[in-house]
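User: I would like to go through the labels attached to this structure and hear, for each one, which value and which cut-off stand behind it.

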Amino acid sequence: MIYAVFAPLLFAVLIPFLSRWKEKVHTGWLILAVPFLIFLYFLQFVGPNFEPQVQSVQWIPSLDISLSFHLDGLSLLFALLISGIGTLVVLYSIYYLNHKEQLGHFYTYLYIFMTAMLGVVLSDNVFALYAFWEFTSISSFLLIGYWHYRERSRYGALKSMLITVLGGFSLLAGIILLTIVTGTTSIREMVAQADVIVDSHYFPFILAFLLLGAFTKSAQFPFHIWLPDAMEAPTPVSAYLHSATMVKAGIYLMARFSPILGGEPNFFFLLSLFGIVTLVWGSFMAVRQTDLKGILAYSTISQLGMIMAMLGFGTDIALFAAVFHILNHATFKGSLFMVAGIVDHETGTRDIRKLGGLMTFMPISFTLAIFGTFSMAGVPLPFLNGFYSKEMFFDATLVNSASGPFMEALVAALPVLAVIGSIFTFVYSMYLFFGTFTGKYKEDELPQTPHEAPKMMLLPPFILILGVITIGLFPEMFNQGLITHAADAVFGAENNKDIYFWHGLVPAFYMSVAVVVLGIVLYLTKSKWEGIYSVLPGRLSFNRVYDWLIENIETGSNKITTSYMTGSLRFYMVLVITAIFAITLGVLIQTNGVNFEVTDVAPITTKELIVAAIMAIAAIATIFVHNRIAIILIVGVIGYGLAILFVFYRAPDLALTQLIVETVTVVLFMLCFYHLPNLQKSTTPLLTKGVNIAISVGFGLLLMVIGVSAYNSRAFDSIADYYIENADPLGGGYNMVNVILVDFRGIDTLFEVAVLFGAALAIIAMIKLRRDKGAK
């Protein structure tokens with residue numbers, strides 16, 4: 001299983017090299033087999049006798065973090081969608097993206113995202129899940145901003161990044177609290193302690209943090225605003241990220257933690273409320289759009305709200321319907337995104353006001369769109385899978401029960417709001433279909449003459465529409481082998497439902513009929529009532545709130561930064577030293593770390609006092625000397641004096657090191673400063689001098705306090721015995737100091753080398769800059 005998760009990432013490393021042959025062979029063909037083989041791997045688990053699979057590899061054992069992958073019914077459903085639709089998206093992109101594009105970048109980002117999504121849905125360790133979760137945000141940022149030369153692409157990428165990463169930090173806070181409460185990082189073990197979590201006083205915070213993480217990722221109201229702007233990405237990205245995978249990560253999170261949170265009334269209230277509001281608002285706003293992908297974006301928002309609401313209901317029928325609709329939505333929405341991309345690719349525009357009458361020019365796309373849009377609309381036909389889960393949704397809204405005034409009001413409003421949202425879903429579906437393929441053909445407004453797409457470009461949406469029809473005609477074939485297992489994982493117990501077309505004259509059927517009838521009326525009279533958008537939302541917009549926040553954060557940050565970034569090195573040193581002084585002294589006082597006992601210390605003799613006095617005089621002398629060479633030599637006196645003190649206290653290794661370092665330092669500084677002019681005496685105001693003296697004396701006293709206190713404090717047991725006992729067995733040496741430096745504290749050497757490497761880079765850059773200036 002671990003190979004299936006990381007296979008796309010491993011191939012992502014090779015993609016930049018494979019893309020060199022894109023002029024001869026499109027890069028997509030060279031890597032198409034990767035997601036397809038992953039799909040076949042997971043497909044073998046589908047069946048009525050499926051048993052969960054577990055595989056674990058240690059990652060950071062000291063923090064109980066492992067790459068632990070758990071394949072149950074829910075993760076299997078998502079893994080099949082990620083790899084199956086990923087295969088179709090790669091095939092589709094071969095004909096959508098020209099070989100002149102930066103294909104190496106595109107497929108690298110896409111395969112990183114694929115690994116991240118597989119990691120999210122398969123991880124049992126919460127911290128591994130979080131790591132993969134953030135990788136989805138980073139890789140989707142790169143994919144949305146793929147056409148980085150477009151301003152709207154950059155805007156959409158940044159917007160999605162900021163909102164989803166905000167949710168990611170919230171998720172991190174939630175899982176940290178979960179690990180504190182349960183003492184484990186395993187989701188399965190957390191589910192086993194559901195009662196402990198719910199009874200914990202941290203539970204309100206856990207619930208809030210997890211909900212915020214899910215809402216931002218799955219574009220729930222009011223965090224939905226990033227998804228329409230993300231449509232600036234290439235259509236293969238939209239078909240993959242925003243219909244079948246990334247936007248369902250929040251859905252997956254809520255489904256995965258449903259056995260823990262589902263019994264809490266606040267979970268029902270918040271998830272159901274935000275979900276149903278997202279459904280209504282998204283479908284209402286979709287009718288307003290004029291861009292094909294904009295319509296589909298708000299359509300996705302509304303569909304995600306519907307699934308989220310069902311997860312909030314928590315009943316067996318609601319959870320089963322939610323899982324079923326995850327599958328159905330991926331099929332019809334993925335196909336519609338691809339059809340929209342084909343229309344844009346072959347006509348040169350996605351503006352529905354310029355489209356119309358394409359049925360005769362693009363008959364295959366027209367046929368595919370019929371099944372996709374009518375399934376999305378929930379039209380009651382037996383070969384449309386969208387109707388089945390939509391009717392289950394209606395049924396689920398009728399069987400909720402809750403106590404309390406707010407709860408009871410919400411339960412009563414759910415069926416009404418569900419019908420309203422579904423009516424607008426029907427309207428935007430008809431608007432999308434008929435506005436594109438029927439009506440008057442506007443030849444003068446199209447950038448290019450329309451024609452049908454290549455057959456291989458039509459194959460991916462055709463396969464998805466075939467899935468729509470197959471699920472609609474043979475739902476039980478998918479039920480027992482896949483859907484039931486996923487529903488069981490979400491429900492936390494057996495949740496087996498029969499799927500069939502005719503349920504009789506039940507309330508859910510009447511709700512479906514009402515949706516179709518009222519939807520037809522509203523679609524036919526759209527020009528009469530669409531003026532309502534000037535009132536609602538009118539000038540109100542969460543996008544304006546987002547833009548206002550970003551603008552003011554940038555302005556405020558700039559003001560704060562310019563207030564202390566004055567260009568004065570002295571001022572920077574004052575701030576840094578004062579901060580170090582305040583923080584360090586505060587910690588010492590807070591932890592009772594100040595300790596001036598001087599027992600059990602070596603006696604101080606006259607010769608040591610003489611050396612210390614010479615060092616002090618040399619240090620003070622540097623203030624009054626203006627020749628740079630003289631200053632370096634005087635500073636060298638301090639360093640050599642310290643080496644002599646090491647000799648007095650019988651530390652020859654430290655003395656030798658100090659002598660070598662000091663000699664090299666003095667020589668290097670003399671070489672560097674030889675060509676610089678002498679220092680000029682400055683006329684410093686008396687107040688500035690006082691501040692300088694206070695900071696210097698205070699910081700020196702602080703270091704003295706730290707040194708004395710560090711010697712006398714015994715907050716922890718000494719590690720000296722450990723070094724003595726293990727220098728030879730673990731380090732293989734008898735010189736304990738060398739073993740400590742090279743083996744036990746080898747990481748220090750690594751960082752020292754990194755510092756030298758960074759300094760070398762800076763020196764090279766300065767030399768190159770000076771040389772370039774000289775050339776000019």
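Analyst: Accessible areas here come from the Shrake-Rupley method with a 1.4 Å probe. On that basis the accessible surface of the protein comes to about 37,700 Å², and 69% of that surface belongs to carbon and sulfur atoms. Please keep in mind throughout that this is a predicted model.

User: What is the overall make-up of the protein, in helices and strands and in its span along the principal axes?

Analyst: The protein has 33 helices and two strands, and its C-alpha trace spans about 105 × 65 × 50 Å along the principal axes. Of its 776 residues, 48% are buried, and among contacts with a separation of 6 or more, 79% are between residues 24 or more positions apart.

User: Why are H3 and H4 called roughly antiparallel?

Analyst: The axes of helix H3 (residues 33–43) and helix H4 (residues 73–96) cross at roughly 150 degrees and come within 8 Å. Angles over 145 degrees count as roughly antiparallel, and H3 and H4 are therefore given that label. The crossing in which H3 passes H4 is left-handed.

User: Which residues of H3 and H4 meet, and what classes do they fall into?

Analyst: On the H3 side the contact is made by Pro35, Phe36, Ile38, Phe39, Phe42 and Leu43, and these meet Leu76, Ala79, Leu80, Ser83, Gly84, Gly86, Thr87 and Val90 in H4. By class, the contact of H3 with H4 has ten nonpolar, four polar and no charged residues, where Gly is counted among the polar ones.

User: What makes the pair H21 and H22 roughly perpendicular?

Analyst: Helix H21 (residues 455–473) and helix H22 (residues 475–491) pack at an angle of about 90 degrees, with their axes 5 Å apart. The range from 65 to 115 degrees counts as roughly perpendicular, and H21 and H22 are therefore described in that way. In this contact Thr470, Ile471, Gly472 and Leu473 of H21 meet Pro475, Met477 and Phe478 of H22, and the residues divide into five nonpolar, two polar and no charged.

User: How do you know whether Asp344 and His224 are buried or exposed?

Analyst: Buried means a relative accessible area under 20%. Asp344, which is found in helix H17 (residues 316–347), has a relative accessible area of 16% and is therefore buried. Leaving aside its neighbours within four places in sequence, Asp344 is in contact with Tyr96, Thr349 and Arg350. His224, in the loop between H10 and H11, has a relative accessible area of 4%, so His224 is buried as well. Not counting residues up to four places away in sequence, His224 touches Ala219, Trp281, Tyr298, Ile301 and Phe542.

User: Why is Pro363 called partly exposed?

Analyst: Partly exposed covers what falls between the 20% limit for buried and the 50% limit for exposed, and Pro363, at 41% relative accessibility, therefore counts as partly exposed. Pro363 is placed in helix H18 (residues 363–377). From C-alpha to C-alpha, Pro363 and Ile532 are 35 Å apart in space, while in sequence they are 169 residues apart.

User: What makes the backbone at Asp64 and Arg650 worth a remark?

Analyst: Most residues other than glycine have a negative phi. Asp64, however, has a phi near 60 degrees, a positive value in a residue other than glycine, and Asp64 is found in the loop between strand E1 (53–60) and strand E2 (65–71). With a relative accessible area of 42%, Asp64 is partly exposed. Arg650 has a positive phi of about 55 degrees although it is not a glycine, and Arg650 lies in the loop between helix H28 (628–648) and helix H29 (652–673). Exposed means over 50%, so Arg650, with a relative accessible area of 74%, is exposed.

User: Which peptide bonds are cis, and what is omega there?

Analyst: Most peptide bonds are trans. A cis peptide bond joins Phe221 and Pro222, with omega about 5 degrees, and Pro222 is placed in the loop between helix H10 (203–217) and helix H11 (226–229). The bond from Leu536 to Pro537 is cis too, with omega near 5 degrees, and Pro537 is placed in the loop between helix H24 (526–529) and helix H25 (542–564).

Methods: Residues are numbered from 1 along each chain as its sequence is written. This is a predicted model: local features need pLDDT of at least 70, side-chain atom pairs count only at pLDDT 80 or more; totals for chains, interfaces and linings use all residues. Side-chain values use heavy atoms; hydrogens and water are left out. Axes are lines fitted to C-alpha atoms, for helices over the stretch in contact, and angles run from 0 to 180 degrees between N-to-C directions. Helices (H or I, at least four residues) and strands (E, at least two) are DSSP runs, numbered from the N terminus. Angles under 35 degrees count as roughly parallel, over 145 as roughly antiparallel, 65 to 115 as roughly perpendicular and the rest as oblique. A crossing is left-handed if the near helix is turned anticlockwise from the far one by less than a right angle, and right-handed if clockwise. Contact means heavy atoms within 4.5 Å. Buried means under 20% relative accessible area, exposed over 50%, partly exposed in between (1.4 Å probe, protein chains only).
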